Amino acid sequence: MITPLSAGLVVAGLLLAFVGAAVSVYAVTLTGVLVGAGAGYLAAPNLAGLIAVDGLVLTGAAAAIGAAVGGFLAYAGLSFAVVAIGGLVGGFAGRFAVGPMYAADAAGIEGTLLLVGATLAGVAVGALFGFVMSRTTLVVSTAFIGAAFASRSITPATLDAAAAETTVQPLLFDVTAPAFLAVFALGALSQLGLFKFGYVTKLVALLPGARRWTASDDDDKGAEGA
């Protein structure tokens with residue numbers, strides 16, 4: 001059954017996947033809101049014994065505060081936020097897409113070390129791309145995160161399970177699932193097309209504040225470094 005919350009997450013995911021990097025200031029802020037709200041939601045059960053408030057109210061307040069803090073920090077430090085988002089997505093890809101290919105035949109501590117190494121390498125590569133190629137990183141990252149919500153790979157139910165078990169395990173999903181891959185690929189291609197055909201200029205002209213960061217792209221950075 002699709003609830004208003006589930007529908008809202010799907011819509012937010014589609015927006016991130018298909019126009020995220022084109023309206024960068026909004027996409028980064030929305031990502032910060034989603035990550036912050038999720039962190040607050042997951043932290044709420046640990047606060048239940050410390051604060052004498054109804055559980056539902058506490059969860060809602062924690063999610064709202066987390067969303068506000070995450071959105072503010074993302075908006076205030078856009079460049080840093082892109083680096084962090086790149087590192088987050090890179091670490092996830094390293095751990096669950098690349099790592100298993102190398103650790104499949106390893107057992108015990110060796111397998112664990114290979115997975116840890118792949119995760120750290122993914123974080124480093126993602127963060128580096130976020131610093132050097134901000135626009136491209138934001139295209140891939142917003143398409144990836146948006147696809148996770150739009151394809152319902154991450155749902156309120158998985159968030160509930162993660163909060164109840166105090167673990168991120170329920171939030172892990174199959175990155176080879178057809179629905180996820182379809183939204184991710186189409187979203188990334190759509191965003192690249194928006195930049196290539198000049199539609200980004202028209203979009204940011206309609207959205208106050210979007211020019212603040214969208215004006216600088218990877219090509220400009222390359223020219224400055226030459």
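Predicted model: local features only at pLDDT ≥ 70, side-chain atom pairs only at ≥ 80, totals over all residues.
Let me start with Leu128, which is exposed, at a relative accessible area of 52%, where exposed means over 50%, buried under 20% and partly exposed in between, with a 1.4 Å probe and protein chains only. Leu128 sits in helix H5, residues 108-132, and helices here are DSSP runs of H or I with at least four residues, numbered from the N terminus. Residues are numbered from 1 along each chain as its sequence is written, and side-chain values use heavy atoms, leaving out hydrogens and water.

Turning to helix H1, residues 4-19, we have 16 residues that reach 22 Å from the first C-alpha to the last, close to the 22 Å expected at 1.5 Å a residue, the expected span being 1.5 Å times one less than the number of residues. Among the buried residues of H1 are Leu9, Gly13 and Leu16. Seen down the axis of H1, the buried residues fall within an arc of 165°, so they line one face of the helix; the arc is that of the directions from the helix axis to the C-beta atoms.

What is the phi of Arg152, which is not a glycine? Arg152 has a positive phi of about 60°, and this residue lies in the loop between helix H6 (134-150) and helix H7 (156-165). Arg152 is partly exposed, with a relative accessible area of 37%.

Conventions
Helix = DSSP H or I, 4+ residues; strand = E, 2+ residues; numbered from the N terminus.
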